[in-house]
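Grab a pencil and open the viewer. The exercises below walk you through one protein, each with a worked solution.

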Amino acid sequence: METRSAKRRRLSLLQDGTGDHGASSGLPTCRRRQISDLPEDVLRHIFSFLPIKSIARTSLVSKRWAALWRSMPDLDFTTIESSDRVISAIEKLIMSHGLKLEFPQGFLKFLYMVDPEQDFIRQVLKHRSRSTQPGDGLRLLRFCAYLSFTRLNNLMRDAFRHKVNALDIEVATKDFFNLPMRVATSEHLQAFRFVSRFPGFRLPPLSTMKNGFRSLRKLHLSGVILNNQPFLMDLFTESSFPALQKLSLSKCFGLEKISIKCGALESVVVKNCSKMNFLEVRCPKLERLRVSGCFPRGRHTSVLNIYAPRLDVLDWEGSDVPDHCCLHNSSPTVRVCLGFLNIKVEDIHEKPARSLLRFLSGISHARSLRMDTLSIKILGNMDGLEVLRPFKNLAHLELSTFTGRVYIPPLVSLFMNAPFVECLHIKLAPDHNTHKNQLNGNSAHLWDVSVSEEEKQWEIRRKAIGSFLDHLKVAKITGLLDCEEEVSLMKFLLRHGKSLNKMILCLEARKVKDSTLKQIRSHIVEFSKAASNAKISFC
């Protein structure tokens, strides 16, 4: 017979999940599963979704969990939120330097201010050194902090002692500093992201950098001061970065010329280098190149030289048209996005027009092309210049443009030299310098049999773009208003697009009356089309 004390002890064990439920009754054992029963890899994965301070608290649960905390492969300290008092102190320090800086939204909230007496990041790294498994390397260390260079140097030294593979640092310091040389000499570092919000940092001697980075695969630098070494022609080479696959350079102050010749590179991003006027890229495995905020207008003669036989994506944003452009690329699938530096219409003359022609000739094998309004303006001012080289592989064409008679010639020029385009996307932008004939709620006359003056301009050039009209299958027009110029373009494409099976029209509902929208939709649906199976949808 079971005594009361034995029964209480048995029930207590059952509640803890450690008792044998069928010991006395002959039933199978039923044990409740607990989170501690999970494998260590699963527990580490669960911990990775928690803020780092919460993970640190789990070390108090048991010795096993303490060992898990010490062996966590990823340490992300950007989850530490700064108090309002700390944020206010950082803002005062920034203002005391007389700096006008723009930070990402919420940046200061996670800008950790290192306290020399209570440095949580360093404490964690020292605690990790006392781990029972000293061979465990650190896969990732990420922090965002306002600190002195001495503290930064100590943190980076501790990270390299733990054989860190990926180092992601975003800092603000009191003074300029030199990037520690141990970054280049680390044998385990594979990914390095270093962003200086202010005041910036300098690179180690080029001789040191050329002999390092043997294992580095990803590199992102922002806030580099290069006033004393504006030419980086021999740094990014095969011998210096033999394993580098992704390179990103942003806000390189003073950089004027750079040459990139790394055999393993697959992606290159160069942003906000406002003085850069020379870029050479020779990478046989390069697949993506993005240039933004470079090549200032009129400063010096600008040169762009690209040798990338496997290039798939070329993004050119907010930069001037280079004076001399040489693009060597044999891939027929390249996708190109063009967005040039803003320029006034009166400043468009023969030189930028010829430069744009050379640029477009270099990408004439593109499969997809996106052009901004400035490119269309430049093309519209090329009277008397040589014609464009045909885009025989082009299947997708996206244009940001205005409407009106003045923009019909450059559009016709593009359509004529893109005879096999299947998908056309036109984003209409408001041109405040051009008067538009608005419908004011009466759109019936625009869908009459008679042809407007705008349509006559299109009809005159119909034979020249016959191949384009024969191959076009999908047309999308966004930003439509109740304007005669825009309706004439729609009517022209519907009337002569023999293969056009789908047209998508996105009307500006906020700027067009509801009654006008209904009239436009009804007239478009009823309008005669060259392709009997053409479908029209609205968005």
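Before you start, one term: two strands count as a pair if DSSP finds at least two bridges between them. Also keep in mind that this is a predicted model.

**Exercise 1. Get an overview.**
Find how many helices and strands the protein chain has, and what percentage of its residues is buried.

*Solution.* Start with the elements: the protein chain holds 16 helices and 24 strands. Next, look at burial: of its 539 residues, 49% are buried. Finally, check the contacts between residues at least 6 apart in sequence: 68% of them join residues at least 24 apart.

**Exercise 2. Follow Phe236 into the core.**
Which residues touch the most other members of the largest nonpolar core?

*Solution.* This core has 134 residues, and the ones touching the most other members are Phe192, Phe194 and Phe236. Helix 15 (residues 484-496) gives the core its largest share, six residues. For background, nonpolar side chains tend to be buried together in soluble globular proteins.

Then list the contacts of Phe236, skipping its neighbours within four places in sequence: they include Leu219, Phe241, Leu247, Leu249 and Ile258. Ile260, the residue opposite Phe236, is also among these contacts.

**Exercise 3. Explore strand 6.**
Why is strand 6 (residues 191-198) described as largely enclosed by the rest of the structure?

*Solution.* Count the buried residues: six of the eight in strand 6 are buried, so the strand is largely enclosed by the rest of the structure. Then look at its partners. Strand 4 (residues 166-172) runs parallel to strand 6 and is joined to it by seven bridges. Strand 8 (residues 218-222) also runs parallel to strand 6, joined by five bridges. Arginine 193 lets you see both pairings: aspartate 168 stands opposite it, and histidine 220 in strand 8 is its bridge partner.

**Exercise 4. Compare two helix directions.**
Are helix 6 and helix 7 roughly parallel or roughly antiparallel to each other?

*Solution.* First, get the angle: the axes of helix 6 (residues 120-129) and helix 7 (residues 149-161) come within 10 Å and cross at roughly 25°. Second, recall the cut-off: angles under 35 degrees count as roughly parallel. The two helices are therefore roughly parallel to each other. The crossing is left-handed. At the contact, Ile121, Arg122 and Leu125 of helix 6 meet residues of helix 7, including Asn154, Leu155 and Asp158.

**Exercise 5. Classify a serine.**
Is serine 267 buried or exposed?

*Solution.* Begin with its place: serine 267 is in strand 12 (residues 267-271). The cut-off for buried is under 20% relative accessible area. Serine 267 has a value of 16%, so it is buried. Beyond its neighbours within four places in sequence, serine 267 contacts Gln245, Lys246, Leu247, Leu286 and Arg288.

Note on methods: Residues are numbered from 1 along each chain as its sequence is written. This is a predicted model: local features need pLDDT of at least 70, side-chain atom pairs count only at pLDDT 80 or more; totals for chains, interfaces and linings use all residues. Side-chain values use heavy atoms; hydrogens and water are left out. Helices (H or I, at least four residues) and strands (E, at least two) are DSSP runs, numbered from the N terminus. A nonpolar core is a set of buried Ala, Val, Leu, Ile, Met, Phe, Trp, Tyr and Cys residues joined through side-chain atoms within 4.5 Å. Buried means under 20% relative accessible area, exposed over 50%, partly exposed in between (1.4 Å probe, protein chains only). Contact means heavy atoms within 4.5 Å. Axes are lines fitted to C-alpha atoms, for helices over the stretch in contact, and angles run from 0 to 180 degrees between N-to-C directions. Angles under 35 degrees count as roughly parallel, over 145 as roughly antiparallel, 65 to 115 as roughly perpendicular and the rest as oblique. A crossing is left-handed if the near helix is turned anticlockwise from the far one by less than a right angle, and right-handed if clockwise.
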